[in-house]
Amino acid sequence: MYNYIFARSFKKREQKQLKFKWMALLCFCLIALSLCAMFKPYLGPLPAALNLHLSVDVGAQQHIFEHIISNSRPQHVANNTISSPLLESQSVKVTKKIEPAAVCSVTKGSDFCEINNDIRIDGSSATVFIASSLADQTEWIIRPYARKYDHVAMKRVNEWSVKSAASLLQCNQNHSVPAILFSNGGYAGNIFHDFSDIIIPLYINSRQFNGQVQFVITNKQSWWINKYQNILKKLSRYDIIDIDNQDDIHCFPRGIIGLKRHDRELNINSSESPYSIKDFRQFIRSSYSLQKPAAIRLRDGEKKKPRLLIVSRKRTRAFTNAEEIAQMGRRLGFNVVVAEANGNLSRFAETVNSCDVFLAVHGAAMTNMIFLPENAVFIQVVPFGGFAWLARTDYEEPAKAMKLRYLEYKIKLNESTLIQQYPLDHQVIRDPSSIGKQGWNAFRSVYMVQQNVKVDLNRFRSTLLKALELLHQ
């Protein structure tokens, strides 16, 4: 009734004009609502710290390259949820359901890319190609060795490019399993670095595939492959590809370029991995068919003798009185073995695993503690000259993580052969920290290369007695 009276108060021409205005206003509102709905996800700027490239390929497949700096994610990105500061202030989030095609991470220890899509590896150009329809193609430069903060090591590692490309090279060889590309350069050949930089990171990255993974190696050294073949064959059922000498384009359904490593030496952070250092040691025992899972437990009245291994060295940081230490060990009730950690790794692993107490001067040979049975006693002899930090981070902390009983014997000046080479007022003797301040090379050349150890038997006796006490517990 109201509409009828209202309309009668206008002339017919005015009614037509009014009807036209109402229709125009309605159309304008509909257009405004459409624009708001269309641009709502873009009302807030994405944070500048986030480096994301999003594209939609054939079949509406979405790909994402994510750059993670210093192993940390911005707080506003979690579970593939992208939100802007403006929208957060309004308690609104825009969620993208994304299955990442590649996540490339820059961490303290290494750079690596985890690629969940087809990849093409071209050894001749040291390039890994990933399918993408991005208008602005993305490229990552990676040296696939897990000690990137060490510039000397990284100079010995080939540089690789990981590129997204709209069109890919034709495959010459197709593989049905994922690939892991890593370097055999760096400090390969030093057993400490072999395990801390290559083997443990390789285990962390490849164990998930249960052998169904193809290792692709750059900077390949055949003797290294032979040395660690027990481990490599246990992790992968396929012959290793020496990619530097390949002209073919190798294609894989997915891949990992470079190796993720955890911050600590000779260790696995179980909070960042489904595996632990205990799992790794069990894997090592299986790889070398080691028979002794745990050290002897001594009981009063028993005639069993614990087995003491003294690791000898011929050149630097050697025991100059190893035989005298062995004789004292036998008098205390040990079955003593003196052996050098070189030659056949499988045989030395069996020797180490057969022992209950491991004794060595600080150095790479101590890495063989990986083969010890659980609860064995691990004795590190720390040379003169400021080794505290190295002794702790390289061997004490890993030994404790491996459930070994750790003992430490710090030598005094009169137990070092440096006293025969330098006068007492020389800075090498008087102020080791001043040598350390000159850099690693200066420190190494004096305290690691020039120094041997003659243990004070009377003083060291209490350390061996402590080892026996621990084996009774």
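**Ground rules**

I'm working from a predicted model, where local features need pLDDT of at least 70 and side-chain atom pairs count only at pLDDT 80 or more, while totals for chains, interfaces and linings use all residues. Residues are numbered from 1 along each chain as its sequence is written, and side-chain values use heavy atoms, with hydrogens and water left out.

**Entry 1: strand E13**

I started with strand E13, residues 179-183. Helices (H or I, at least four residues) and strands (E, at least two) are DSSP runs, numbered from the N terminus. How many of the 5 residues in E13 are buried? I got 5 of 5, with buried meaning under 20% relative accessible area, exposed over 50%, and partly exposed in between (1.4 Å probe, protein chains only). Ala-179, Leu-181 and Ser-183 point one way from the strand, Ile-180 and Phe-182 point the other way, and all are buried.

Next I looked up the neighbours of E13. Two strands pair if DSSP finds at least two bridges between them. E13 pairs with strand E14 (residues 214-218) in the parallel sense, over 5 bridges. Ser-183 has Thr-218 of E14 as its bridge partner. To get from E13 to E14 the chain goes through helix H5 (residues 191-206), and this β-α-β crossover is right-handed. That label means that, with the strands pointing away from the viewer, the path from the first strand over the helix to the second runs clockwise.

E13 also pairs with strand E17 (residues 255-257), again in the parallel sense, over 3 bridges. There, Ala-179 stands opposite Gly-255.

**Entry 2: strand E9**

Strand E9 (residues 127-131) is mostly covered, with 4 of its 5 residues buried. I checked how it pairs with strand E8 (residues 119-122): antiparallel, over 4 bridges. Asp-122 has Thr-127 in E9 as its bridge partner. E8 and E9 form a hairpin with 4 residues between them, and Ala-126 in the turn has a positive phi of about 50°.

E9 also runs parallel to strand E11 (residues 160-165), joined by 5 bridges. Ala-131 sits opposite Ala-165 of E11.

**Entry 3: salt bridges**

I counted 14 salt bridges in the structure, each being a side-chain nitrogen of Lys or Arg within 4 Å of a carboxyl oxygen of Asp or Glu. I looked up three of them.

Arg-261 pairs with Glu-265, with the closest N and O atoms 3.1 Å apart. Both Arg-261 and Glu-265 are buried. They also belong to a salt-bridge network that includes Arg-147 and Asp-197.

Glu-340 and Lys-314 meet at 3.9 Å, N to O. This pair links distant parts of the chain, 26 residues apart: Glu-340 is in strand E19 (residues 335-340), and Lys-314 is in the loop between strand E18 (307-312) and helix H9 (322-332). Glu-340 counts as partly exposed because its relative accessibility is 25%. Lys-314 has 70%, so it counts as exposed.

Lys-400 and Glu-396 meet at 2.8 Å, N to O. Both lie in helix H11, 4 residues apart, about one turn of the helix.

**Entry 4: pocket**

On a 1 Å grid over the protein atoms alone, a cavity is a set of points where a 1.4 Å probe fits but cannot get out, a pocket is an open set with protein on both sides within 12 Å along at least five of seven lines, and lining residues have an atom within 4 Å of a point. Grid points are joined across faces, edges and corners, and a volume is the space filled by probe spheres set on the points.

The largest pocket has a volume of about 1,500 Å³. I found 43 residues in its lining, and Asn-190, His-193, Arg-317, Gly-363 and Ala-364 lie nearest its centre. H5, helix H10 (345-353), H11 (388-401) and helix H14 (440-448) each supply at least two lining residues. Which helix gives the most? H11 does, with 6 residues. By class, the lining has 16 nonpolar, 13 polar and 14 charged residues. Here Ala, Val, Leu, Ile, Met, Phe, Trp, Tyr, Cys and Pro count as nonpolar, Asp, Glu, Lys and Arg as charged, and the others, Gly among them, as polar.

**Entry 5: cavity**

I got 1 cavity of 30 Å³ or more. The largest cavity holds about 40 Å³ of space. Its lining includes Phe-195, Ser-196, Arg-261 and His-262.
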